[in-house]
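Try each task before you read its solution.

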Amino acid sequence: METRITKLFGIKHPIILPGMSWISVPELVAAVCNAGGIGWLATGPLNTEQTRESVKKIRKLTDKPFGAGVTLLMPGARENAEVLIEEKVPVINVSLGKCDWIAERVHKYGGKVIATVTTEKHARAAEKQGADALQVTGNEAAAHGSQVTTLVLTPAIVRATKLPVVAIGGFGDGNGLAAALALGAEAIGMGTRLSMTKESPVHEMTKQAQVEASIEDTLYSDRFDGLWCRVLKTPQAKKSIRQGINLFKAMIEGPQIARELKLPLFKLMMGMLAQPENMMKLAHMSTAFRKIQAATEYGDLKKGVHLTGQIQGLISDIPTVKEVIDRTVKEAQEAYARMGKMMK
Ligand SMILES: Cc1cc2nc3c(=O)[nH]c(=O)nc-3n(C[C@H](O)[C@H](O)[C@H](O)COP(=O)(O)O)c2cc1C
């Protein structure tokens, strides 16, 4: 398969591993790259030293192109972006912030920038800011998908700019890949599917809970980390929705979490105090961090909250990354042949 995305990033298959905190780690990123796709290292929970080490580790595990994500709203993200630029990371995925200054510097060494967007307005802005491609996250997605479904959002964004689009949210097999290409996208991203593989560091108990879950077993709410977010339906997730954010607890836990994660505490506090809106967002995010880590790393679904997409309901196995990618490409080709016969 050849699309503008495969050519832009120099990859074999139009399949992307998006950034997932604690999951899109060097081993998983490299596994996806070695299987012919491309992955974004998640730098959210990493400080600058850890980001640099992770980039070096990916380079040891693969000689293929790879990328890394920065969520500019998060404290420490700009510093991590500086490290990625210094290390000349081939692709930088920017979300929740302006990508102009990153694009200018990344282009100087021949790198590429892909901006994550969920609205036509942000898509047009990212194009003006110099992004080379767009990653579009529909409502079915794990975590922060749009209010609009992938089926409608993808063609809307394809129409809004001239940039090649990676469709994300609800993809887990080759039928999905064929559908995304039909909608005008030039690659898919698979978060839930690739997080449910042998190489994924998600705790086995959490993976198993996802295998057993149905397409209805997710909750979409803005009461976990302050942004609209999709998670696995568990007692803790329901409780979090009921209780909402405890600002007092968040103000106490936020700095503690920042210390544990070696995030710049001063910046976090300044961010919190600068404007009430920021304060709420950061407070939400810092308390959500712990719950997400509990489910992902420790398999604790009593205290933890796990990010997952609706596609989990169609996933019934935990294969290797290569098996998922090979199977997805083969199924997409079969779907194309099947549709070709129907269109005659
Ligand atoms: C377990 C898990 C953890 C995730 N963590 C993050 C995260 O830390 N930050 C983020 O912006 N998106 C996160 N995501 C969302 C993905 O980047 C991606 O947008 C989403 O998984 C795509 O939808 P899909 O799951 O239907 O493939 C996560 C997704 C999963 C499944």
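Predicted model: local features only at pLDDT ≥ 70, side-chain atom pairs only at ≥ 80, totals over all residues.

**Exercise 1. Pairs across the sequence**

Find the salt bridge that E87 makes with R59, and say where each partner sits.

Solution. 

- Step 1: The side chains of E87 and R59 meet at 3.8 Å, N to O. This pair links distant parts of the chain: E87 is in the loop between helix 4 (77–86) and strand 4 (91–95), while R59 is in helix 3, 28 residues apart.
- Step 2: Compare the accessibility of each partner with the cut-offs, where buried means under 20% and exposed means over 50%. E87 has 16% relative accessibility and therefore counts as buried; R59 has 37% and therefore counts as partly exposed.
- Step 3: Widen the view. R52, R59, E86 and E87 are linked in a network of salt bridges.

Now do the task again for R159: which residue is its salt-bridge partner?

- Step 1: The partner is E120, with the closest N and O atoms 3.7 Å apart. Here too the pair links distant parts of the chain, with R159 in helix 7 (residues 150–160) and E120 in helix 6 (residues 120–128), 39 residues apart.
- Step 2: R159 is exposed at 68% relative accessibility, whereas E120 is partly exposed at 31%.
- Step 3: For the whole model, the count comes to 14 salt bridges.

**Exercise 2. What covers helix 2**

How many of the nine residues of helix 2 are buried?

Solution. 

- Step 1: Go along helix 2 (residues 26–34) and sort its residues by accessibility; seven of the nine are buried, and the helix is mostly covered.
- Step 2: Name them. The buried residues are P26, L28, V29, A30, A31, V32 and C33.
- Step 3: Look for the cover. It includes strand 1 (15–17), strand 2 (38–42), helix 3 (48–61), helix 9 (192–195) and helix 15 (321–343).
- Step 4: V321 is buried, with a relative accessible area of 0%. Leaving out residues up to four places away in sequence, V321 touches L28, A31, V32, A35, L194, T197 and E199.
- Step 5: Compare sequence with space. V321 and N34 are 287 residues apart in sequence, and their C-alpha atoms are 9.4 Å apart.
- Step 6: Step just past helix 2, where G36 takes a positive phi of about 105°.

**Exercise 3. A buried glutamine**

Is Q210 buried or exposed?

Solution. 

- Step 1: Locate Q210 in helix 10 (residues 204–212).
- Step 2: Its relative accessibility is 0%, so Q210 counts as buried.
- Step 3: List what surrounds the residue. Beyond neighbours within four places in sequence, Q210 is in contact with T192, M196, V202, L232, H306, L307, T308 and Q312.

**Exercise 4. Patches on the surface**

Which residues form a positive surface patch, and which make a nonpolar one?

Solution. 

- Step 1: K233, K238, K239 and R242 form the positive patch. Of these, K233 is in the loop between strand 10 (229–232) and helix 11 (235–243), and is partly exposed at 35%.
- Step 2: Y336, M339, M342 and M343 make a nonpolar patch of about 520 Å². M342 lies in helix 15 and is exposed, with a relative accessible area of 62%.

Technical notes
Residues numbered from 1 in each chain as written. Heavy atoms only, no water. Patch = residues over 30% accessible without salt bridge, like charges linked within 9 Å, V, L, I, M, F, W, Y side chains within 5 Å. Areas by Shrake-Rupley, 256 points an atom, 1.4 Å probe, with all protein chains shown as cover. Salt bridge = Lys/Arg side-chain N within 4 Å of Asp/Glu carboxyl O. Lys, Arg positive; Asp, Glu negative; His and termini not counted. Charge placed at Lys NZ, Arg CZ, Asp CG, Glu CD. Helix = DSSP H or I, 4+ residues; strand = E, 2+ residues; numbered from the N terminus. Buried < 20%, exposed > 50% of the residue type's maximum accessible area, 1.4 Å probe, protein only. Contact = heavy atoms within 4.5 Å.
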